There are 2 protein chains.
Amino acid sequence: MVWRARCVGRLATIIGPMFSGQTGWSHRLTGGETIRLLAGADAQDDCAVFRLDGVQELVVGSDYVRGPKFGLYELGYLDDYDIGYYLAMANFSDIAAMGAQPIALLSVVRYPKTMPDERFAQVLQGINDACARVGAPNVGGDIGTAERLILSASAVGVVEAGRSLLRGGARPGDRLCITGPTGVAAAAQKYFGKLDVADTRLSPQAEELLLNAWKRPQALVPEGRSLSTSGLVTSCQDSSDGLKAGIESIAARSGVGFTVEEDALPVVGAVEEVAKLSDTELTPLLLGDSVDFQLIFTVPEEHVEELQEIFAAHGHSAFHDIGFATEEPDLLLRGSDGITRRLPGNPWRHAT
Amino acid sequence: MVWRARCVGRLATIIGPMFSGQTGWSHRLTGGETIRLLAGADAQDDCAVFRLDGVQELVVGSDYVRGPKFGLYELGYLDDYDIGYYLAMANFSDIAAMGAQPIALLSVVRYPKTMPDERFAQVLQGINDACARVGAPNVGGDIGTAERLILSASAVGVVEAGRSLLRGGARPGDRLCITGPTGVAAAAQKYFGKLDVADTRLSPQAEELLLNAWKRPQALVPEGRSLSTSGLVTSCQDSSDGLKAGIESIAARSGVGFTVEEDALPVVGAVEEVAKLSDTELTPLLLGDSVDFQLIFTVPEEHVEELQEIFAAHGHSAFHDIGFATEEPDLLLRGSDGITRRLPGNPWRHAT
C-alpha cells in the first residue's frame, strides 16, 4: 500500500507536500538502459510503478533498524530526523554493496499516537533527505500507529546486466580492500555510552566525527557504482556487520581465506583515542561489530592501480588495500609485531 | 541485508533448509519478457538479484501488519503460522491489485528472545507457504530480535509494459465490479470478539469461513493477471481498506463518482448472520472497514461480458457488477428500497 491513500487529515497535510511531483523521475544506466517512475507515492496507488527498458539486474533488500532503541537515541544524542536518515541509508548501503544504483526506498513508519506531528514529520524528513542524497525517490510504504515507533524499509536498485557485485567471486591472490576506516560506530557507542562524562574528553571535532557515524551515515553509492562499472572487482559487501564479519562472509561464499595486514587497516584518530580511553585493544575494535557502511571488496592484484585511478577520476577517496585472499580457508592477521595469528574481533552475530 | 549471512547457530538450522535452491527461479510474462532470480536468499548476499529481460513494469509496495496485535491472535484464534501467512498475502494483494505477477517477497521478522524456536519457525513457514501459493520466492529481508514480534514486508511484481492497473482510469459509464464478497473480515472480528460466547452460535462451517478471512486470506493474483492482460479494465485496487474506501479512492483518482446498487452487493450467509446477531445493518458492514483483499475494478459496459468469459476461461469465479461510474463526483447507494442516498460505511481511516 502506498501510503497517502490511507491518509486524511493532519497526516495528509504533513505528507502530501513531501512527496509531490516524484512521478516522472528517471535514471539511465551506462549502457542506455532506462528506469522511469510511472507512478510514485504521489500517485496514491496500491504500489509504485517503474518502467524498465533494456536488460537490467534488479537488486532488492530490507533492513529494520532499532531506531528508537539505539542507545544513542535513548541518551539524547540522536533525534527523530537522525533515525529516519539512518533507516534510509542503512537500506541504501545494501544496494551500494551490490554495485547498484538505488531507484526506490519503501519505508515503514509506525508511530505511537502520542507522537507530536512535528516529530513524525522529522522522521519522514530524515528519510527523504537521505533518499535525495543518493538520488532515489521514497515511493511510499506503510504509515500507521503502533505501541512505539517502529522503522523498517526496503530498497530497490538496478545495475547493468552481469555487473552485480556478489560475495562469491574472490580468488586466491586477490587483494582485499576497503573504502575507509571502520570501528567508528562502535567507538561512538563506547564513548557516548559512558566515556564522555569522564575527566578526559575528546575534542569537539572528534566527538562530532564519532557521532556522525550514527547521525549521517553515508551509503557509498558512487563508490559502489565505480566498483561495479569498472568490471575489475571480484566480490563486494558492506561492513554493516563489522569488518571481520564481512571478510568471513566473502571468504565463506568464495571458498577462500584471507590474511589481513594489521598495519594497513585505516584508522581515524578519534577511534584510536577511544580505544586508549576505554583501555581496549584497537585492532579488535576496527574488526569487530561496528556498523560503518564501508565497502569491503576484492580485486585482482594487477588491477588495484587501475581501480585507484578510476576512484581518483570520480573524486572518491582512495581505498585501502588491507590484505589478500588465500587458498587456505583461514582468516589471519599479520600483526604489526610480525606475528601471524587468527583474525581477532567479534563479528555481529544473530542471537543464538 | 539478506538474512542468512547474519544467522548462525540455531537460526541457521531453521532457516537454511527453508530457502535452499531458490536461486534459478524464473518467470516469463505473456510477451516473452523474462525474470530470473540470479541470487536468492540462499546466496546470502547483501541483496537478492534478478535479471530482467524485455521492457517491463516493476511494481513495489510494503505492508506492515499488526500481527501479534490482531485481536483474533490475542484471543487465540490465530497462531504464529497464520500471522506469517497473512503478512505475505497482505503484501501480495497490493501486487495483485496492480495486475502484476509477484516475483519476490522481502520479509522482516523481529521476535522476542523468549520466543521458542518452533514458534519462530512457524511464522516463517506461514510466510513461505503463502509465497509458494502465489508462486514467488521469499528472497530474504531482515531477521533479528526486538521487544515483541514485529512483522513487515515488501513485495515486488512485474507486469507487461503498459498493463499496470492504476486507480485513475475509470470513466463515466464504466461498470464498477468486485471479485467477491466483502465484510467477511470485519464480521469475523465482530463474531469472535464477543458473539461466539452468546447463546446463538453460527454453524462450524460459517465460523470457519469467517476465521479463514484472517487465517488464509488469498491475494487474487490470477484474477489480477486476467484483469491486466485482458486490456479491458480501466482501474483497479484491492479492498484492503474496505469497499467504500476503495470506491472513494478510484473516484478521487479518476475524477468520477459512483452509484452502487445495494441489491448487487455480494453477500455470504455468515456475514448476514453476524449482522443479525449483532443487530448491525448489513450494507454498512459490507462497505465499511473490512480487510477482504477482493479486487475492485472498473470496465467499460460493453466489455463486461467479454471479461466474464475471460474469467470463466481461466477458472476464476464470476465477478460481481455492483454499480457504475458517473460524471458527478458523488458516491451514492441505490437502495433495495429504491431510494438513492449517500454511500454508507466507515472506510478505514488513518488515525488523525
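Across all chains of this predicted model, 22 aromatic pairs turn up, a pair being rings of Phe, Tyr and Trp (its six-membered ring) with centres within 6.5 Å; planes under 30 degrees apart are stacked, over 60 edge-to-face and the rest tilted. A pair of aromatic rings is described by the distance of the centres and the angle of the planes.

| Pair | Centre distance | Plane angle | Class |
|---|---|---|---|
| Tyr111(A) and Phe120(A) | 4.8 Å | 55 degrees | tilted |
| Tyr191(A) and Phe192(A) | 4.9 Å | 85 degrees | edge-to-face |

Tyr111(A) is buried at a relative accessible area of 1%, where buried means under 20%, exposed over 50% and partly exposed in between (1.4 Å probe, protein chains only). Phe120(A) is buried too, with a relative accessible area of 1%. Tyr191(A) and Phe192(A) are likewise both buried.

As for the reading rules, residues are numbered from 1 along each chain as its sequence is written, while chains are lettered from A and ligands numbered from 1 in the order in which they are written. Local features need pLDDT of at least 70 and side-chain atom pairs count only at pLDDT 80 or more, whereas totals for chains, interfaces and linings use all residues; side-chain values use heavy atoms, leaving out hydrogens and water.

Phe293(A) is buried, with a relative accessible area of 3%, and has a positive phi of about 60 degrees although it is not a glycine. By contrast, Asp279(A), another non-glycine residue with positive phi, near 55 degrees, is exposed at a relative accessible area of 74%.

Rings also meet charges here. Arg216(A) lies over the face of Tyr85(A), 5.1 Å from the ring centre; the rule asks for NZ of Lys or CZ of Arg within 6 Å of the ring centre and within 35 degrees of the ring normal. In chain B, the charged end of Arg216(B) sits over the ring of Tyr85(B), at 5.1 Å from its centre.

Now to the interface. Chain A brings 73 residues to the contact and chain B 72 residues, contact meaning heavy atoms within 4.5 Å. About 6,000 Å² is buried between chain A and chain B, with carbon and sulfur atoms giving 56%; this buried area is the accessible area (1.4 Å probe) that two parts lose on being put together, summed over both. The interface of chain A and chain B holds 6 salt bridges, each a side-chain nitrogen of Lys or Arg within 4 Å of a carboxyl oxygen of Asp or Glu. Asp46(B) forms a salt bridge with Arg167(A), their closest N and O atoms being 3.0 Å apart.
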